[in-house]
Amino acid sequence: MLSDTSGNGVITCDRSHDIFDICIVNSPTLLDKASLTLFTLDPNTWTHQTQVKIHPYPLKDDKTAMSYVNEVTIITSAPPKLTCGVTHHSPALVFSAGGFSGNFYHDINEIFIPLFITINSIFHKYDRDIVFVITDVRIGWFQKYAELLSAFSGRHPIITNNLTTTHCFSAAIIGLIKHGEMIIDPTLLPNPKTLFDFYAFLKKAYIKGDTTIFYPNVRHRPNLTLVSRSGNVSRVILNQEEMIKAAEEIGFSVHVLEPSINTSMVNAYNLIHTSHAMLGVHGAGLTHLFFLRPGSVFVQVMPIGTDWASRTYYGNPAKKLGMEYMEYRIEANESSLIESYGADSLVIKDPTTFFDGKWANKQKYLKEQNVKLDMVRFRKCLTKVYRKAKIFMNKVS
């Protein structure tokens, strides 16, 4: 897998991929917390000094994301006036929680799925006895994912940017491996894993062995979780209350989830895992599909101009995880864009031509668009969702 070898094999880097770089230090190493530099400790490596720099976040083709990622330096030379405060007899895995972290889609797509892939790509030979070193960590982010990070890291404490001493490791891997958007390619792993294995890992992290999950049925009504967007964001359902009322009239027990950085992942997992259906407008919150059970119904409301992203980021993973995937495509009269650009504009009639590879044009669909559901049409969709959710509820009861 690795190429671009330097330092007589002590530092091995692979920069051949479009979205990630990864380096391995095949030597005991010391981490200087002040400069984010890894120094090799074996004097035999100091003969020919080699220096390598890497941004350990798997979105290297995105300049905006990478501007939030601090660079890590690897050097084959003696650490200047530094000694090991803590010595780990295990390798380090160094990666960043910068980039677009704090957005649930990006956290799963650029950190946790790549982390799962990297562990199963490289660390299988270390029996997963590894120490995480996470840079660019914000306290809220770390608290939000504490249970999940602990499930990955096992018995070792996690080292973040609030280091108080100097740490040394038996070796180091810097960076994370990413296969693509919300995918795991089993053919690229020594011991094949799939997206369903990642799904199972999340379940194990959030449902402990001694935990009993209560699956409530209010008067035998299927549970529908609405992933809501509100406030100073786009892609908001402007008539959400009317939609909720219709869903309840059809027969659902509706629960609203409005995700934020402060959302408890345990609570969110339990809410969605006990749901028979989940519905929401295309956006990061739909990444909670990983908490649904196979056979449950996942409905994605697709605003104008979001077809490719909707299916790639959420539709395809849902199908791979065995969920009943449904789409509700917004029509011109349901989009707020019609007020700004008119029904005959290229923006409305032909989003693909209007987009034409220009990110600024794409942003109009993502940042300027809200939806007002045609309740006559949407009620028909909800009725179909209810039937499927009822079948699933009866099956698992």
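**A walk through the model**

Guide: Let's start with D136, which is buried, with a relative accessible area of 15%. Buried means under 20% relative accessible area, exposed over 50%, and partly exposed in between, using a 1.4 Å probe and protein chains only.

Visitor: Before we go on, what kind of model is this?

Guide: It's a predicted model, where local features need pLDDT of at least 70, side-chain atom pairs count only at pLDDT 80 or more, and totals for chains, interfaces and linings use all residues. Residues are numbered from 1 along each chain as its sequence is written, and side-chain values use heavy atoms, with hydrogens and water left out.

Visitor: OK, back to D136. Where does D136 lie?

Guide: In the loop between β10 (131-135) and α3 (139-144). Helices here are DSSP runs of H or I with at least four residues, strands are runs of E with at least two, and both are numbered from the N terminus.

Visitor: And what's phi of D136 near?

Guide: Phi of D136 is near 60°, a positive value in a residue other than glycine. Most residues other than glycine have a negative phi.

Visitor: Which loop is D356 found in, and what is its phi?

Guide: D356 sits in the loop between α11 (351-355) and α12 (359-367). D356 isn't a glycine, yet its phi is positive, at about 50°.

Visitor: Is D356 buried or exposed?

Guide: Exposed, as D356 has a relative accessible area of 51%.

Visitor: Switching to cysteines. How many disulfides does the structure hold?

Guide: There are 2 disulfides, counted as pairs of cysteine sulfur atoms within 2.5 Å. C13 and C23 form a disulfide with their sulfur atoms 2.0 Å apart, and another joins C84 to C168, S to S 1.9 Å.

Visitor: How accessible are C84 and C168?

Guide: C84 is partly exposed, at a relative accessible area of 33%, whereas C168 is buried at 2%.

Visitor: Now some helix packing. At what angle do α6 and α13 pack?

Guide: Helix α6 (residues 240-250) and helix α13 (residues 375-396) pack at about 40°, with their axes 10 Å apart. That makes α6 oblique to α13. Angles under 35 degrees count as roughly parallel, over 145 as roughly antiparallel, 65 to 115 as roughly perpendicular and the rest as oblique. The axes are lines fitted to C-alpha atoms, for helices over the stretch in contact, and angles run from 0 to 180 degrees between N-to-C directions.

Visitor: Which residues make the contact?

Guide: From α6, E242, M243, A246, A247, E249 and I250; from α13, M375, F378, R379, L382, T383 and Y386. Contact means heavy atoms within 4.5 Å.

Visitor: Last one: where does S340 lie, and is S340 buried or exposed?

Guide: S340 lies in helix α9 (residues 337-341) and counts as exposed, at 56% relative accessibility.
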